[in-house]
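Please look at the sequence and the model below.

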Amino acid sequence: MITENNSIDNNNNNNNNNNNNNNNNNNNNNNNNNNNNNNNKNNNNNNKNNNGNNNVKIPIYIQKKIYKYLIIMELNKSDHDSYEINSNMIKKFSLLSWEWFNFISSKIYHTLIIKDYERLEPLRTNDNNNKFLLKKPESVKYLKLVNLSRLNVDKVNETIKSLVNLKWITSEHNNPVFKKINFKNFRINSMLLIKYEGQSFDQYVKRVDYLHIETHTPSKNIIEAFKTAKIYGFNLDLKQNYSQFNITRFPLKELIESEVVDVSNKGVGTDEKTIEIITTENRLQWCKDVNFCIINIKMLNQFLKSTPRLRDLTIGICFINLIYKFYKRYTSNYDQDEPNVLKPCRCSNSFEKCTVDIENSRFGDGYDDLFPIYWDEICNIIINHKYLTRLIISDRCLNDRKIRYDGIEEVSPPIITPIVTTLEQNQHFFQSFVNLISNSANKSIKTIVINVYDFVQLDIISILNNSNSTIDTYHFSFHVSTNKQYYIKTIEKVTEYFKKSPNNIIKYFKISNGSSIEYEYDRESPKKTLPTKYSPILNFK
């Protein structure tokens with residue numbers, strides 16, 4: 001009996017175990033089903049995410065930055081090699097989508113450069129309907145002509161017919177063949193204004209980026225050039241023959257008050273009349289880059305008032321005369337009759353006659369009284385200037401041997417012993433320059449270059465200690481040093497300055513004596529920092 005009962009119990013236990021196993025299997029199956037369901041959900045979510053990613057667009061602010069970058073590349077057309085590289089990159093962007101293609105076609109490609117005239121296929125008006133053409137004629141606003149020696153006038157004229165929105169034809173230099181082109185709005189990058197009497201300025205030239213005015217160019221040629229075209233920069237050369245003491249007279253007054261005739265029709269029908277109204281216009285208002293070989297204070301004053309967009313100014317002026325003017329202005333006990341008192345430079349008379357109109361050059365005794373007014377106005381203009389970024393001032397004199405370092409010595413003038421000034425006499429001159437570029441003054445100038453005859457006319461340490469925070473480039477040059485001790489101390493102080501201030505705003509600094517570098521600091525290449533101690537080539541007097 002015991003055996004049977006045990007068997008029955010064992011069977012029951014086995015059955016229960018089987019049932020439990022079955023239940024476990026069912027649970028496992030359910031878990032597997034749940035896992036499969038979860039996997040399916042994950043797969044569905046992944047598919048949704050993938051579909052979402054395919055529809056993601058570049059954010060607008062990123063697109064705007066790319067657009068701006070492309071436009072900057074398009075505007076950088078001065079270097080043809082880099083322009084070709086940029087063009088290829090722009091083409092790649094155009095293949096991203098039709099939206100990008102159309103944007104680049106209508107907004108970016110505004111310039112057409114022609115340099116291979118043999119393989120040039122002139123654009124046609126029908127090309128505007130070609131949706132696959134990236135450069136459409138109607139989008140071109142600027143046509144640049146390169147390789148002028150191979151210019152094909154017929155092909156260029158054929159292309160111009162389809163350029164309905166063309167504003168400028170640009171070229172590095174002027175060329176007589178431009179007269180045959182059926183478009184009369186040329187922009188020339190660099191142009192020479194020759195001195196021959198009766199030489200007319202080409203009327204199709206409407207803008208010149210930089211005009212080189214030859215020595216002895218008649219004033220009427222200069223006036224005609226400025227009246228015909230907008231001049232954005234120019235340089236006025238020194239004469240070739242110093243014995244004549246005569247340079248090109250710059251017609252400042254005529255250009256500031258240039259007469260302009262405005263023709264208008266008034267009335268109706270038979271009563272209609274043509275009325276000419278004569279007004280004045282400042283033809284110097286577009287100037288940005290100017291180089292005056294020599295100028296005086298009055299002319300500099302008038303010129304700065306007339307050129308509000310000026311960015312780069314290079315002038316030559318007699319430092320001895322400036323030192324004399326400042327010394328006389330600020331020295332209460334100045335007596336011109338004293339034997340050792342500081343006198344004006346011998347160039348004073350010829351200096352005025354050569355740079356100002358004859359009727360405006362007869363200042364007489366009143367000129368000294370006007371100097372403070374002119375200078376204070378000059379300081380005020382430069383201090384408040386918003387665009388001037390580079391200022392180069394050189395010591396230039398017409399009646400002294402100092403002028404011979406300009407490199408033209410065909411006719412040597414009589415050698416006159418230059419006036420030697422002392423540190424005490426130079427102090428007011430130093431302070432006047434420091435005030436122009438001090439921390440509380442101009443905030444636009446980035447580069448200062450000062451070229452003097454005598455090192456004693458430089459106060460480099462005061463300039464460094466008081467300059468504003470925007471100036472990052474300095475270059476001081478001189479030709480002789482009449483005070484050896486002052487030169488040595490200055491170089492030592494400059495060396496110490498850059499040792500103590502390695503992280504200042506200055507990127508480049510140089511002191512040179514002719515072609516010899518006396519001190520050089522280059523923040524980008526610290527190894528170039530070079531103090532040259534007491535160079536034997538210095539001309540110590």
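What volume does the largest cavity have? The largest cavity has a volume of about 110 Å³. A cavity here is a set of points on a 1 Å grid over the protein atoms alone where a 1.4 Å probe fits but cannot get out, and lining residues have an atom within 4 Å of a point. The volume is the space filled by probe spheres set on the points, which are joined across faces, edges and corners.

This is a predicted model, in which local features need pLDDT of at least 70 and side-chain atom pairs pLDDT 80 or more, while totals for chains, interfaces and linings use all residues. Residues are numbered from 1 along each chain as its sequence is written, and side-chain values use heavy atoms, without hydrogens and water.

Of the 14 residues lining the largest cavity, Leu300, Ile315, Trp375, Ile393 and Phe433 are the closest to its centre. The second largest cavity holds about 80 Å³ of space. Its lining includes Phe319, Phe429, Phe430 and Phe433, along with Gln457 and Asp459.

Several of these names return among the rings. Phe319, Phe326, Phe371, Trp375, Phe429, Phe430 and Phe433 are linked into a cluster by ring pairs. Rings of Phe, Tyr and Trp (its six-membered ring) pair if their centres lie within 6.5 Å; planes under 30 degrees apart are stacked, over 60 edge-to-face, and the rest tilted. The structure holds 32 aromatic pairs. One of them, Tyr474 with Phe509, is tilted, at 6.2 Å centre to centre and 55 degrees between the planes.

Terms used:
On a 1 Å grid over the protein atoms alone, a cavity is a set of points where a 1.4 Å probe fits but cannot get out, and a pocket is an open set with protein on both sides within 12 Å along at least five of seven lines; lining residues have an atom within 4 Å of a point.
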